[in-house]
Amino acid sequence: MEPATCSFCQRNQAFYRREYEGVNLCKNCFKASIEKKVRRTIGTWKMFTPDDHIAVAVSGGKDSVAMLMILAKLSTKFPRTKITAVTVEEGIAGYREEAVELASDYCRKLDVRHEVISFKEIYGRGLDEFLRDKTERLTACAYCGVFRRKAINLAARKVGATKIATAHNLDDMLQTYMLNLLEGDVDRFVRFSPILQDPRGRFLARVKPLCEIPEREVALYGFSEGLRFQSASCPYMTEALRNELRSIFNRLEIAHPGVLFSSYSAMLKLRELAKPGVPPSALESCQSCGEPASSIMCEACRMVGVTSERIEVAA
Ligand code: SF4
Ligand code: ZN
Ligand code: ZN
């Protein structure tokens, strides 16, 4: 059988069949289509302004490395836009070292400033050490997620960023919406969005420019750009329900191409419909560290047991 020709340029041989659009794409047209989709998402959600300094959260995994590359490419058209990559070193032995190394390599190649911040520097202990002393039954990911969010905020403020970009892809978005529904957390369901902004402008906005790109296409983009990313999995990975949802959605997408997009857009519409019934987020500044908090102290400070001293990261 003749190899398929690219449906876009009608010239090159296709290397990928995008079932949900019914098209074949050559490598160049595939990469261009991903960059165009990301540009469109940024525009639709008004994620950036030309003067933004974007702190790109780069873990060293495939999604964040691909996002850094795409944003670095797109920013060449906006000379006033600045990008700084921010990597959090959680202190997980045998896992994070490779990722930090990879993230640094790409930043050097792309000529992007790279800021690495560690749990140890902020909380006095890395995750391994922290978990060793804990007796509560919270999962490692529950601590890690909270600590990392704050670490990224601190690093972004330290470098003078105006926005934070994280690499959630379409699959992540859908899983999170479903998790919130399955856990009956309507408030979180409504508040989760491609762009999170503090209406009073006290905290940095967080945006998700890859939110409309399926996970497999992010991986394929990385592969077609020859990107290397972290191979090891985190030894604490436990998010059972999220993993089940991932495999259910993968199976559904293979059997019914396009189902990821249709469910995602239904989630966004449901979110809009449910909004009037959910009070706006009442985030305040943590009395200990000044970071966003839903009560007197932020979750991270409560978890580390900080009482009153203010955590500062040296500039
Ligand atoms: Fe942290 Fe959990 Fe991710 Fe490991 S899997 S890096 S513990 S959030
Ligand atoms: Zn083509
Ligand atoms: Zn705090």
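Lys46 sits in the loop between H1 and strand S3 (53-57). Please keep in mind as you look around that this is a predicted model. Lys46 is not a glycine, and yet its phi is positive, at about 45°.

**Positive phi angles**

- Lys46 has a relative accessibility of 67%, so this residue counts as exposed.
- Gln10 also has a positive phi without being a glycine, here of about 60°.
- You will find Gln10 in the segment before strand S1 (16-18).
- With 59% relative accessibility, Gln10 is classed as exposed.

**Charge on the surface**

- A patch of positive charge on the surface brings together Lys36, Arg39, Arg40 and Lys77.
- One of these residues, Arg40, belongs to helix H1, which spans residues 27-44.

**Aromatic pairs**

- Searching the whole structure turns up 12 aromatic pairs.
- Phe130 and Phe147 have ring centres 5.0 Å apart and planes at 80°, so this pair is edge-to-face; planes over 60 degrees apart are given that label.
- Because Phe130 is in helix H5 (residues 127-132) and Phe147 in helix H6 (residues 140-158), their pair ties together parts that are 17 residues apart in sequence.
- Both Phe130 and Phe147 are buried.
- For Tyr177 and Tyr264 the ring centres are 6.5 Å apart and the planes meet at 45°, so the pair counts as tilted.
- Tyr177 comes from helix H7 (residues 170-182) and Tyr264 from helix H11 (residues 259-274), so this pair ties together parts that are 87 residues apart in sequence.
- Tyr177 is buried, its relative accessible area being 0%.
- Tyr264 is buried as well, with a relative accessible area of 3%.
- A cluster linked by ring pairs contains Phe119, Tyr123, Phe130, Tyr143 and Phe147.

**Ser265 in helix H11**

- Ser265 is located in helix H11, the helix that also holds Tyr264.
- Its relative accessible area is 31%, so Ser265 is partly exposed; that class covers values between the 20% limit for buried and the 50% limit for exposed.
- Ser265 and Glu212 are 53 residues apart along the chain, and their C-alpha atoms are separated by 9.8 Å.

Conventions: Residues are numbered from 1 along each chain as its sequence is written. Chains are lettered from A and ligands numbered from 1 in the order in which they are written. This is a predicted model: local features need pLDDT of at least 70, side-chain atom pairs count only at pLDDT 80 or more; totals for chains, interfaces and linings use all residues. Side-chain values use heavy atoms; hydrogens and water are left out. Patches are made of residues with over 30% relative accessible area and no salt bridge: like charges are joined within 9 Å, nonpolar side chains (Val, Leu, Ile, Met, Phe, Trp, Tyr) within 5 Å. Accessible areas come from the Shrake-Rupley method with a 1.4 Å probe; for residues, only the protein chains shown count as cover. A salt bridge is a side-chain nitrogen of Lys or Arg within 4 Å of a carboxyl oxygen of Asp or Glu. Lys and Arg count as positive and Asp and Glu as negative; His and the chain ends are not counted. The place of a charge is taken as NZ of Lys, CZ of Arg, CG of Asp or CD of Glu. Helices (H or I, at least four residues) and strands (E, at least two) are DSSP runs, numbered from the N terminus. Rings of Phe, Tyr and Trp (its six-membered ring) pair if their centres lie within 6.5 Å; planes under 30 degrees apart count as stacked, over 60 as edge-to-face and the rest as tilted. Buried means under 20% relative accessible area, exposed over 50%, partly exposed in between (1.4 Å probe, protein chains only).
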